[in-house]
Amino acid sequence: MEMPYQNCQVALLTKHGKQNLLKPILESDIGCRLLHTEDFDTDKLGTFTRDIDRQGSQLDAARRKAQLAMELTGVEIAIASEGAFGNDPFTGFIAWNTEILLWVDKVRELEIIGLAHGPAQSTQRKVKTLAELKEFINEARFPDHHLVVRPEDHEHTSIYKNIRNIQELTEAFDSAMKLSSNGMVFVENDLRAFSNPTRQEVIKNAAKDLTQKLKSFCPQCHKPGFWRTRRIPGLPCSFCLSRTQVAIAEVWGCISCAYESQVELKKTQFADPSKCNFCNP
């Protein structure tokens, strides 16, 4: 099927260099032309340094960015990027980055989400000497990953950003120490896209997920975005034959017309007993 977005302009609002990550993937995979704008300060919608709280969810923020991009450019298709950081969903101990890319097509009344996640380079520490600071920068993967410095703790209103080399870090440390009432300086990774190569890779993966969905068309209405919605468990255990949580099929669905189809998974006839709640409770 012919790509519906060939040569279409797609608006992107960002001030953190995301156009350099997304343009090669989107233009190569789906043939669109990315139209970048910086005519709105997206930091007003929330910052990772906590000086401005994000209002609403990650998806809410992406929708707002997409709407602003369309208003600023006059284009009826937009893409918006929004990241979030927390703990990993498996152990709860690893810093974790989740990225969404929201594709909004006003003409076709579509919203399609590209998603990716993975370990984040997001670490922080209180230090009181330059020696402690220099120990920390290896863990922070500085200078490839930039840093943010504050006096005292993570809530102090004085913030030193755009720290990209040792000289800038030393100057920021000295300035923050002069403002610190407890003799401590708070330092953390800068989580903005242009400052964090680890996050950049997750954003690229979200873009690849998005383009796959944009190239998958509904068999019924022929709109893009036809994708896996859920898995059906039940593959029998090879030892006791009880049904396990291992999937036997996938359900694919259309976000436009609600059409669904079920696809059987035939990788293996039985599940390993380690996946069985009876054999391995």
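Visitor: Is Cys257 buried, partly exposed or exposed?
Guide: Cys257 is partly exposed, with a relative accessible area of 29%. Buried means under 20% relative accessible area, exposed over 50%, and partly exposed in between, with a 1.4 Å probe and protein chains only. One caution: this is a predicted model, where local features need pLDDT of at least 70, side-chain atom pairs count only at pLDDT 80 or more, and totals for chains, interfaces and linings use all residues. Residues are numbered from 1 along each chain as its sequence is written, and side-chain values use heavy atoms, leaving out hydrogens and water.

Visitor: Which cysteine sulfur is closest to that of Cys257?
Guide: The one in Cys218, at 3.7 Å. That is too far for a bond. A disulfide is a pair of cysteine sulfur atoms within 2.5 Å.

Visitor: And what about Cys240?
Guide: The closest cysteine sulfur to that of Cys240 is in Cys279, 3.7 Å away, too far for a bond. Cys240 is partly exposed, at 31% relative accessible area.

Visitor: How many disulfides does the whole structure have?
Guide: Zero, from a search of the whole structure.

Visitor: New topic. Where is Gln269?
Guide: Gln269 is in the segment after β12 (260–264). Helices (H or I, at least four residues) and strands (E, at least two) are DSSP runs, numbered from the N terminus. Gln269 counts as exposed, at 61% relative accessibility.

Visitor: Which residues does Gln269 touch?
Guide: Leu235 and Pro236, not counting residues up to four places away in sequence. Contact means heavy atoms within 4.5 Å. The C-alpha atoms of Gln269 and Cys237 are 9.1 Å apart, and these two residues are 32 residues apart along the chain.

Visitor: Now the sheet. What is the strand order in the open sheet of five strands?
Guide: The order is β2-β1-β3-β4-β5, with mixed pairing. Two strands pair if DSSP finds at least two bridges between them.

Visitor: Which strands stand at the edges?
Guide: β2 (33–37) and β5 (110–119). Each has a single partner strand, so one side of each is left without a neighbour in the sheet.

Visitor: How many bridges join β3 to β4?
Guide: Eleven, between β3 (residues 77–87) and β4 (residues 95–105), which run antiparallel. One example is Ala78, whose bridge partner in β4 is Val104.

Visitor: Which strands does helix α1 lie across?
Guide: Helix α1 (residues 18–30) lies across β1 (9–13), β2, β3 and β4, at about 160° to β2. Axes are lines fitted to C-alpha atoms, for helices over the stretch in contact, and angles run from 0 to 180 degrees between N-to-C directions.
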